[in-house]
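Okay, hi everyone. I'd like to talk about charged side chains today, so let me put the structure up.

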Amino acid sequence: MKKPTTKPSIYGLNKEELINWFIENGEKKFRATQVWEWLYEKRVSEFEQMTNLSKDLIAKLEEHFVVNPLKQLVVQEASDGTVKYLFELPDKLMIETVLMRQEYGMSVCVTTQVGCNIGCTFCASGLLRKQRDLTTGEIVAQIMLVQHYFDERGQGDRVSHVVVMGIGEPFDNYDNVMNFIQVINDPKGLAIGARHITVSTSGLARKIKEFANNGLQVNLAISLHAPNNEVRSSMMRINKSYPIEVLMEAIDEYIEKTNRRVTFEYIMLNNVNDRPHHAKELAALLEDKKKLAYVNLIPYNPVSEHDQYSRSDKADVLRFYDILKRNGINCVIRKEHGTDIDAACGQLRSKKMQEQKKQKQRA
């Protein structure tokens, strides 16, 4: 599996790790605090902008780290204010990040892997197999570049919410994702509240159990998408390794240990998982945890490579919603964002790669 070959991003160090690096390299602890402030409070993009550091210290930092490891390739802005970014990594691989303007604040959806091995048959993200995990610094940099986007416009906006739901399976890159959360949650840095951070998983049961023990007040979302093993296995290869009964046992353990609500993501696919009997099955599946279960019904963004699927009719979505509500299940129909740009996660990256392939063929 490929790994970055250039200097790591300093964004990859949480505050404690940054302090330890300074001490191990013969520098004073307070210098690490100064660098942290420059990165996350003043939000500079180059070490040389850290004006209260000596030239020797700046040279030492530049020898070991870069600040921003990402190159911005494409920015698409939708009519509803959604912004989609295509970034290039140091090894020329590409990832996507999305800014969504919500009523409650500015939410950013970050990517955690290049490609995905989960193999969901409806998803653009999984069209390319996983090539590598993103480093902590590469995940943090996505947030920082969106925040710089705000800063440059001088309107005082800030990233207030983060969803770890972009390309890749976050729990398959568990350590880097947990370290990313530490960095963005630090009260002396970006100070994004733990309750404003949501991590989504397709169902890695053993990692859900580990997540239950980490003490963070971060939200958990489960990409469920089906109420039984037969339908879910046809849509999500991971269900063969972690079938619904195993997944639900892990979620029960998570709820018992944390007493926190769990969101169940459910993408609505016409005549696949959107029939009334599916809604009744889902309500029965969540019956014993309905006080802390929240279902998010998601309109499907068609992917040309997955033409066996189409989005559910609005009437079918409303009927599904009504059945859940009548059975006491808290649920919502997700508001769509960025429908006039490459909406589905992974589509912008796929489109760019196709363009590059055509250019090579013409050359």
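Let's start with aspartate 133, which is partly exposed at a relative accessible area of 23%. On that scale, buried is under 20% relative accessible area, exposed is over 50%, and partly exposed is in between, using a 1.4 Å probe and protein chains only. Aspartate 133 pairs up with lysine 130 in a salt bridge, 3.1 Å from N to O. By salt bridge I mean a side-chain nitrogen of Lys or Arg within 4 Å of a carboxyl oxygen of Asp or Glu. Lysine 130 counts as buried, because its relative accessibility is 15%.

Quick caveat: this is a predicted model, so local features need pLDDT of at least 70 and side-chain atom pairs count only at pLDDT 80 or more, while totals for chains, interfaces and linings use all residues. Residues are numbered from 1 along each chain as its sequence is written, and side-chain values use heavy atoms, leaving out hydrogens and water.

Arginine 43 is partly exposed at 23%, and aspartate 151 is partly exposed at 32%.

Last one: Lys209, Glu249, Glu253 and Lys257 are linked in a network of salt bridges.
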